[in-house]
Amino acid sequence: MLIFGTRPEAIKMCPLVKEFQKHTEEFKTVVCVTGQHREMLDQVLQIFDVHPDFDLNIMKQGQDLTDVTVRVLTGLRDVFQECRPDVVLVHGDTTTSTAGALAAFYAQIPVGHVEAGLRTHNIYSPWPEEMNRQITGRIATFNFSPTPLSEKNLLDEKAQGKVYVTGNTVIDALHMVVNKLNNDAMLAKEQDDILLNVGYDVTRLQDGKKMVLITGHRRENFGDGFIRMVTAMKDLSEKYPDVDFVYPMHLNPNVRKPIHEVFGEDLTCSNFFFIEPLQYLEFVHLMSKATLVLTDSGGIQEEAPGLGKPVLVMRDTTERPEALASGTVHLVGTDYDKIMMEVSTLLDDEEAYRKMSQAVNPYGDGRACSRIVRILNDEEVERYCI
């Protein structure tokens, strides 16, 4: 049984679902979603043509992390009474993954942790994700680590489960979507039209015109951090009037409020485009056209380098230090001056841009899902190494 509930989890788990479904003689594959992200989750399920067998539908207005945890635990208790799998697979660092692992532990069902071993070693950064990862790592029987460094973290902690280095399934997902877009001109045109409908015309990106893609949503940046981030974005757009800045805005009011405080209520700017959240397919399409990405997201640190896009991370720490070491990612935090300087460098300095954009992505070769399936089928598996 594969359990997931947020959009990032779905992006990274759906390719694994599809891979297991190729092996019907060896596995019966059951999908359970929690609905921690409702609409965004459903969009990804549609893209990958994945149909859940169980849907806990836990999303309620105004719920907090305690509510999410309780609803996942009680929902899965009932699911396990109806369907008892041989192994439960959870992903990453969400409340769904940790509560899912704990529910399986209470039912004495072995847990496989996909994307295991990422660490900042600071339980409040990112919060609550860092502690979620650590808790899930203590429960897991099978740890599927994306890199040798994440494997080392688990070995140093003396994790009770076995540890395998597989690469990251997000690269599998990225390859699947990029192949779709590259091989289907009509599909690519549909994405252009969708972007136009939400407020950005990609035909502007002609004759070498540059575009900075921005995302932001992390809890630890809410408040003054977001104000500093958004102020830097506004000043950058004024400094570079010939560069487009595109920001798909998260629905959370803690994200939208500082945007309106800095830009005004109507968000009018000739080269800054605030658009509604995008589905995964549309986002990958837009990211493929970007010059660079400015984000506080985790997954984009893995995805964008796969497309040759430098990433500036608006966080003080990252659980993905391999990206820092490889040079595909730089940390800028919520520091106004750092954001201004690093974006300016990448827009102005061709050599600095080339160095970041051509660095090797440390997160895999697009075969992580097949490795995980083979591991659980007890076959000898090649190790993914950088």
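1. Basis. The model is predicted: local features need pLDDT of at least 70, side-chain atom pairs count only at pLDDT 80 or more, and totals for chains, interfaces and linings use all residues. Residues are numbered from 1 along each chain as its sequence is written, and side-chain values use heavy atoms, with hydrogens and water left out.

2. Sheet order. Strands here are DSSP runs of E of at least two residues, helices are runs of H or I of at least four, and both are numbered from the N terminus. Two strands pair if DSSP finds at least two bridges between them.

3. Pairing in detail. Strand β8 (residues 211-214) is joined to β9 by three bridges, and M211 stands opposite D244 in β9. Four bridges connect β9 with strand β10 (residues 272-275), where I275 is opposite P248. Between β11 and β12 there are three bridges, again parallel; L294 has L312 in β12 as its bridge partner.

4. Strand β9. Five of the five residues of β9 (residues 244-248) are buried, so the strand is largely enclosed by the rest of the structure. Buried means under 20% relative accessible area, exposed over 50%, and partly exposed in between (1.4 Å probe, protein chains only). D244, V246 and P248 point one way from the strand, F245 and Y247 the other way.

5. Helix α9. This helix (residues 224-239) has 16 residues and reaches 22 Å from its first C-alpha to its last, close to the 22 Å expected at 1.5 Å a residue; the expected span is 1.5 Å times one less than the number of residues. Its buried residues are G225, F226, M229, V230, A232, M233, L236 and S237. They cover an arc of only 155 degrees around the axis, which puts them on the same side of α9; the arc is that of the directions from the helix axis to the C-beta atoms. The cover over these residues includes β8, β9, α10 (253-263), β10, β11 (292-295) and α14 (336-348), contact meaning heavy atoms within 4.5 Å.

6. Salt bridge at D244. The structure holds 21 salt bridges, each a side-chain nitrogen of Lys or Arg within 4 Å of a carboxyl oxygen of Asp or Glu. In one of them D244 pairs with R204, the closest N and O atoms being 2.7 Å apart. The pair links distant parts of the chain, 40 residues apart: D244 is in β9, and R204 is in the loop between α8 (185-198) and β8. D244 is buried at 0% relative accessibility, whereas R204 is partly exposed at 31%.

7. Other salt bridges. E302 and R320 have their closest N and O atoms 2.6 Å apart, and both residues are buried. A network of salt bridges links K12, D93, E115, E130, R133, E302, R315, E319 and R320. K22 pairs with E19 at 3.1 Å between the closest N and O atoms; K22 is exposed at 61% relative accessibility, while E19 is buried at 14%.
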